[in-house]
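The sequence and structure come first.

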Amino acid sequence: MAYSEKLIDHYENPRNIGSLDKSAEDVGTGLVGAPACGDVMKLQIKVGADGLIEDAKFKTFGCGSAIASSSLVTEWVKGKTIDEAETIKNTDIARHLALPPVKIHCSVLAEDAIKAAIADYRAKATKKDETREAAE
Amino acid sequence: MTAIAQIRRNDQPIYLDYQATTPLDPRVLEAMMPYFTHKFGNPHSRSHSYGWEAEEAVEKARAQIGKLIGADEKEVIFTSGATESNNLAIRGVAEFYKDRRNHIVTTVTEHKCVLDTCRHLEQQGFTVTYLPVKQDGLVDLDVLRAAVTDKTVVVSIMAVNNEIGVIQPLAEIGKICREKGAFFHTDAAQAVGKIPLDVEAMNIDLMSISGHKIYGPKGIGALYVRRKPRVRLVAMIHGGGQERGFRSGTLPTPLCVGLGEACEIALKEMDGEAKRLTKLRDRMLKGLQARLPEIYINGDLEHRIPGNLNISFAHVEGESLMMGIKGLSVSSGSACTSASLEPSYVLRALGVEEELAHTSLRLGLGRFTTEQEVDTAVEELVHQVNKLRAMSPLWEMAQEGIDIKSIEWAAH
């Protein structure tokens, strides 16, 4: 399959591979996909006190397009608020990497991964607030 | 070996996909050349020396093919390739004998051209039994024996599987078919020239042969059709009645000559080549096993042609692995390399779990593979698998002792 230069660059030099402490309060973790379907993405965000995403890491099991899509979104979310990060659309990812039609699902998965990471972060934040309120 | 220099330039990737196709052996090309140029006669022309010369060449090729499989030259007919041979064999006998027998037996791991032909015949009113295979990829003979009835016209079971290289117990299958009065057809595209075959000893009634899998040209194949006891076929291509009426059309003399020459070389060199390739394959396997944990061989290793390995590299998806090993040309059983996005049906039939099917590579070695190429391939594979495992969430979980089956994954 012929891939775009941008896609190949992300595949060969993936940005932000790694893991953050998933138990930390300021870290949101999204784990999406399924091994049986051939792709699994783990995407993590670390949100600073100012509400901006200060770090993002990923690990992906999947084809080159899946790896490139997740690498790209870790770059995109950094420095954004979680509300801004939530607006990233799979179509933006697909367009940027010039994904072939059979690989569009990889960009969908990357969008799902951000949303899942944000949801996890929010759930933790809510829980923290509740615990604080209960303590007061 | 100058032959290698002619086949692979240094700037090209190492070819490890010998089950997809093989390069033309330079000796085969040499034998073919005159029939592209000055020996251009129509082998069916009876009135002049151009025709006689071409006919002689075609008949010599027929004998060379027959000799490799223990058949008489009169029992060999030329086709465009194994796909046509499989179509003609299965449809041909099924349609000829349909008034007496209407049942076909085959296996789930056959090549698509056999399975699709069977599907077509089902639509025409035939009944088809698709036998499962065991975990090692081989047919269970008791299951086969139970499936063949007095209504079975043909049993079609491949000699060697194209993905996992396993060799079916042909002689035993042939015996069962003979006892039950069903014809035995075998798709031997991946077997001819790789393992000894004998249509008499194995009771084979129909055998499909491919040119380009045995260092011959593309666009030519053959079908062995037994004469004693006689197997009848309904022809699919009508015309001048060439090839005993089974397959009309002017024979492509240079291609026929090429297939014949390829068979003659195979007969002469098969033993030595098998030993050499077994050594290379073992070297590759040991090299990978020594340096990579959690790799799994798909299909039986003992009953297997020497030039095939099919390995699942757990936690690394096959297409991304192939993207990384740019210096190697291989193929994968991963869904991402197929248009259907389904992982290999052959691996699934062995009971290989879907997540492992996605991580499989087929490594095919052949006549022009060198020890140095094998060593380079091992280096590249080890490097890339380690790189991709370092970024695989599944590998991370496995290292942390998390069973990935314990997680509720959302299928998408």
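A cavity here is a set of grid points where a 1.4 Å probe fits but cannot get out, and its volume is the space filled by probe spheres set on those points. The model is predicted.

- By class, the lining of the largest cavity consists of 8 nonpolar, 5 polar and 2 charged residues.
- The second largest cavity holds about 30 Å³ of space.
- Chain A contributes A:Thr60, A:Phe61, A:Gly62 and A:Ile67 to the lining of the second largest cavity, while chain B contributes B:His315, B:Val316, B:Glu317, B:Ser320, B:Leu388 and B:Ser392.
- That lining has 4 nonpolar, 5 polar and 1 charged residues.

**Second largest pocket**

- The second largest pocket contains about 300 Å³ of space.
- Its lining comprises 21 residues, with B:His111, B:Ala189, B:Gln190, B:His212 and B:Lys213 closest to the centre.
- Helix H4 (residues 82-96) of chain B supplies the largest share of this lining, 3 residues.
- The lining of the second largest pocket divides into 7 nonpolar, 10 polar and 4 charged residues.

**Nonpolar cores**

- The largest nonpolar core has 62 residues, of which A:Ile45, B:Met284, B:Leu288 and B:Phe313 touch the most other members.
- Helix H5 (residues 104-135) of chain A gives this core its largest share, 8 residues.
- Leaving aside residues up to four places away in sequence, B:Leu288 touches B:Ile295, B:Ile311, B:Phe313, B:Leu363, B:Val378, B:Leu381 and B:Val382.
- A second, separate core of 59 residues includes B:Val28, B:Met32, B:Val148 and B:Val199.

**B:Ser392**

- B:Ser392, one of the residues lining the second largest cavity, sits in the loop between helix H12 (371-390) and helix H13 (393-399) of chain B.
- B:Ser392 counts as buried because its relative accessibility is 0%, and the cut-off for buried is under 20%.
- Not counting residues up to four places away in sequence, B:Ser392 touches A:Lys59, A:Thr60, A:Phe61 and B:His315.
- A polar atom of the B:Ser392 side chain lies 2.9 Å from the backbone oxygen of B:His315.
- The B:Ser392 side chain also reaches the backbone nitrogen of B:Leu394, at 3.2 Å.
- B:Ser208 is 184 residues from B:Ser392 along the chain, and their C-alpha atoms are separated by 43 Å.

**Backbone exceptions**

- Most residues other than glycine have a negative phi, and most peptide bonds are trans.
- The peptide bond from B:Lys228 to B:Pro229 is cis, with omega near -10 degrees.
- B:Pro229 lies in the loop between strand E8 (221-225) and helix H8 (253-291) of chain B.
- B:Glu243 is in the loop between E8 and H8 of chain B, and has a positive phi of about 55 degrees although it is not a glycine.
- B:Glu243 counts as buried because its relative accessibility is 7%.
- B:Glu294 has a positive phi of about 55 degrees and lies in the loop between H8 and strand E9 (295-297) of chain B.
- With a relative accessible area of 32%, B:Glu294 is partly exposed.

Key
Residues are numbered from 1 along each chain as its sequence is written. Chains are lettered from A and ligands numbered from 1 in the order in which they are written. This is a predicted model: local features need pLDDT of at least 70, side-chain atom pairs count only at pLDDT 80 or more; totals for chains, interfaces and linings use all residues. Side-chain values use heavy atoms; hydrogens and water are left out. Ala, Val, Leu, Ile, Met, Phe, Trp, Tyr, Cys and Pro count as nonpolar, Asp, Glu, Lys and Arg as charged, and the others, Gly among them, as polar. On a 1 Å grid over the protein atoms alone, a cavity is a set of points where a 1.4 Å probe fits but cannot get out, and a pocket is an open set with protein on both sides within 12 Å along at least five of seven lines; lining residues have an atom within 4 Å of a point. Helices (H or I, at least four residues) and strands (E, at least two) are DSSP runs, numbered from the N terminus. A nonpolar core is a set of buried Ala, Val, Leu, Ile, Met, Phe, Trp, Tyr and Cys residues joined through side-chain atoms within 4.5 Å. Buried means under 20% relative accessible area, exposed over 50%, partly exposed in between (1.4 Å probe, protein chains only). Contact means heavy atoms within 4.5 Å. A polar contact is a pair of N or O atoms within 3.5 Å; within protein, one must be able to donate a hydrogen and the other to accept it, and residues adjacent in sequence count only if both atoms are side-chain atoms.
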